[in-house]
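Student: I would like to go through some labels used for this protein. Please show me the sequence and the structure.

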Amino acid sequence: MTQPSVILATASYDHTIRFWEAKSGRCYRTIQYPDSQVNRLEITPDKRYLAAAGNPHIRLFDINSNSPQPVMSYDSHTNNVMAVGFQCDGNWMYSGSEDGTVKIWDLRAPGCQREYESRAAVNTVVLHPNQTELISGDQNGNIRVWDLTANSCSCELVPEVDTAVRSLTVMWDGSLVVAANNHGTCYVWRLLRGNQTMTNFEPLHKLQAHNGYILKCLLSPEFCEPHRYLATASSDHTVKIWNVDGFTLEKTLIGHQRWVWDCVFSVDGAYLITASSDTTAKLWSMSSGEEIKTYQGHHKATVCCALHDGAEPSPC
């Protein structure tokens, strides 16, 4: 099977993962996932594999194959895996789970190489662009920085006590981090380098973005420059696009009928893909704020999406 240059995948409570032709909206491959729901999807930097985070495992599927079977299963979490991602050259994977742990997995070796205890259900984990720090957010409202070089927690923040941190995002150049919570609030910090390698958080802005939950927040990618946007996907059925310069509201994307669980930018920031409980995923134009395409085929809530429309990375 020839691999399209744009890899777009969605997963749903109907226990399937679907691959879509982004332009036509045609679903060209469906993977049955009977064991659990899929909470998060992520594509490896080289576009070869799709990671599906379930309960309690992570499965890796070959994007270029028609095989319904995963090529690898990662099994040491004991509850829902809510976050998954890859280091920039794809050598290792990180994950966060409702079992209270953040784990690191070497893709070339079996088993989990490292484990960090958050002591509360982990909802979100992001990798700092420096590739040496993981930032996690949990159900108790804690944000923690895990220094992979020192192999320890280097920083702890609690923006709002007992308010779950639902989603974290870091600017591509490492200058900002945003945390979104269950009260519809985004906390924005500048990331400053300390005397050591440790990252320091300087409060920059508090944004009341939605009245409902924010289920995902995402900062725009490098090739979107000089424009810098923050997308917030919410239980209020909308996605809002904020200008990072002043955090003014640029656009509200209206079209989904239920909660919007996930969103992902195209590599140049010109488009946004969203996934919703209304069973659909949608493609939006960032310049017009209009819906361009709806991906229909799932039978239950579509809760996560993954997109890789960029080139394969040069070694980092």
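Student: Why is Asn-151 called partly exposed?

Tutor: Its relative accessible area is 44%. Buried means under 20% relative accessible area, exposed means over 50%, and partly exposed lies in between, with a 1.4 Å probe and protein chains only. Asn-151 is therefore partly exposed. The model is predicted: local features need pLDDT of at least 70, side-chain atom pairs count only at pLDDT 80 or more, and totals for chains, interfaces and linings use all residues. Residues are numbered from 1 along each chain as its sequence is written, and side-chain values use heavy atoms, without hydrogens and water.

Student: Where is Asn-151 found?

Tutor: Asn-151 sits in the loop between β14 (143-147) and β15 (152-157); strands are DSSP runs of E, at least two residues, numbered from the N terminus. Asn-151 is not a glycine, yet has a positive phi of about 60 degrees.

Student: What makes Arg-119 exposed?

Tutor: Its relative accessible area is 62%, and exposed means over 50%. Arg-119 also has a positive phi, about 70 degrees, without being a glycine. Arg-119 belongs to the loop between β11 (114-117) and β12 (122-127).

Student: What is meant by the largest nonpolar core?

Tutor: A nonpolar core is a set of buried Ala, Val, Leu, Ile, Met, Phe, Trp, Tyr and Cys residues joined through side-chain atoms within 4.5 Å. The largest has 19 residues, and those with the most contacts inside it include Ile-17 and Phe-19. Apart from it lies another core, of 15 residues, with Cys-186 and Val-188 among them.

Technical notes
Helix = DSSP H or I, 4+ residues; strand = E, 2+ residues; numbered from the N terminus.
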